Amino acid sequence: MTDQQPKVVSGLQLWQWRHRAILAAGATDVPLVEVDWLLQEVAGLDRLALRLESFKDWPQMQMDLSLEELDHLWQRRLNDRLPVQYIAGVTPWRWFKIAVSRAVLIPRPETEYLIDLAVAVAARDGAKEPLRSGHWADLGTGSGAIALGLADALPEATIHAVDYSPEALAIAQANAQNLGLAEGIRFYQGSWWEPLSSLKGQFSGMVSNPPYIPTSTLPTLQPEVFNHEPHLALDGGADGLDCIRHLIAISPNYLRPGGVWLIEMMAGQAEAVRELLEAQGSYCNISIHADLAGIERFALAYRS
């Protein structure tokens with residue numbers, strides 16, 4: 001939305017809109033904090049101005065969209081459950097501001113822990129060839145969040161970001177450019193490891209947040225997710241493990257000995273994933289890690 005011509009509105013008009021929006025949010029079970037977060041993004045207001053309502057007396061303000069456009073999108077938030085991140089066109093993730101659209105999944109705060117795990121593994125690595133450098137893959141990059149996190153945390157590494165969706169890839173590339181991290185990331189359109197066949201056996205690590213929700217569970221998700229986020233990035237097949245099963249089977253061909261295999265998964269899948277990794281026979285030091293809510297959400301293993 002930021003590529004549009006700025007629109008001018010009076011502070012009083014925006015104050016009145018905010019008041020109406022907060023009342024409507026309360027009546028429709030939309031978190032009230034979303035109103036002010038949205039105004040921070042589209043009107044450039046800071047938290048203090050919003051809390052003190054000092055903008056009410058400003059004769060004019062610039063916004064990324066007109067008041068009518070803002071109100072139309074807010075009605076879609078209330079009635080169609082359109083995620084507020086898609087209205088603003090951005091979402092915070094780690095210390096980045098990442099552009100998002102309906103072509104990509106909105107990065108979740110819990111996924112940030114994938115980067116922390118990768119960094120912790122690289123820091124304690126005692127291998128002859130350090131994990132901090134070399135080739136890393138982000139498979140199913142979406143908005144590019146994981147690739148950006150890896151490029152920021154492992155500046156000596158080359159990050160290879162792959163996505164099946166050309167629309168998602170365009171957003172990921174734009175995010176890398178906007179955040180000054182494009183130099184360390186290469187982008188590929190394709191399915192999982194396929195575009196990286198020329199680098200078989202050379203990867204220090206692989207990180208992925210693959211689709212892991214069972215097909216039959218999708219309709220039970222929040223309408224914000226089921227009706228608006230891309231099902232390609234959500235649907236993990238009958239048991240939710242189709243993509244994870246594929247990554248377990250194929251990844252040993254691409255990882256060097258001692259290379260890291262790291263994924264996010266759904267609550268309740270940890271034991272099945274551990275068993276799949278053990279049965280494959282090419283992994284060692286398999287461990288399961290919980291998120292901040294105590295849910296076993298991440299699986300980590302090494303190429304033996």
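Colleague: Let's start with burial. What share of the residues is buried?

Modeller: Of the 304 residues in the chain, 51% are buried. Keep in mind that this is a predicted model.

Colleague: OK, and which residues touch the most others in the largest nonpolar core?

Modeller: That core has 68 residues, and Leu-14, Leu-70, Trp-74, Trp-136 and Ile-185 touch the most other members.

Colleague: Take Leu-14, then. What does Leu-14 touch, leaving out residues up to four places away in sequence?

Modeller: Leu-14 touches Val-9, Leu-39, Ala-43, Leu-45, Phe-55, Met-61, Met-63, Leu-67 and Leu-70, with those sequence neighbours not counted. Apart from this core lies another one of 34 residues, including Tyr-188, Leu-234, Cys-243 and Ile-286.

Colleague: Switching topic: how many helices and strands?

Modeller: The chain has 11 helices and 11 strands. As for contacts with a separation of 6 or more, 66% are between residues 24 or more positions apart.

Colleague: And the overall dimensions? What does the C-alpha trace span?

Modeller: About 65 × 40 × 30 Å along the principal axes. The radius of gyration is 21 Å, which agrees with the value near 19 Å that a compact globule of 304 residues would have.

Colleague: What about the surface, how much of it belongs to carbon and sulfur atoms?

Modeller: They account for 51% of an accessible surface of about 14000 Å².

Colleague: Last one, charges. How many positive and negative side chains?

Modeller: There are 23 positive and 36 negative side chains, and the centres of the two sets lie 3 Å apart.

How values were computed:
Residues numbered from 1 in each chain as written. Predicted model: local features only at pLDDT ≥ 70, side-chain atom pairs only at ≥ 80, totals over all residues. Heavy atoms only, no water. Helix = DSSP H or I, 4+ residues; strand = E, 2+ residues; numbered from the N terminus. Rg over C-alpha atoms; globule rule 2.2 N^0.38 Å. Buried < 20%, exposed > 50% of the residue type's maximum accessible area, 1.4 Å probe, protein only. Contact = heavy atoms within 4.5 Å. Areas by Shrake-Rupley, 256 points an atom, 1.4 Å probe, with all protein chains shown as cover. Lys, Arg positive; Asp, Glu negative; His and termini not counted. Charge placed at Lys NZ, Arg CZ, Asp CG, Glu CD. Core = buried A, V, L, I, M, F, W, Y, C linked by side-chain atoms within 4.5 Å.
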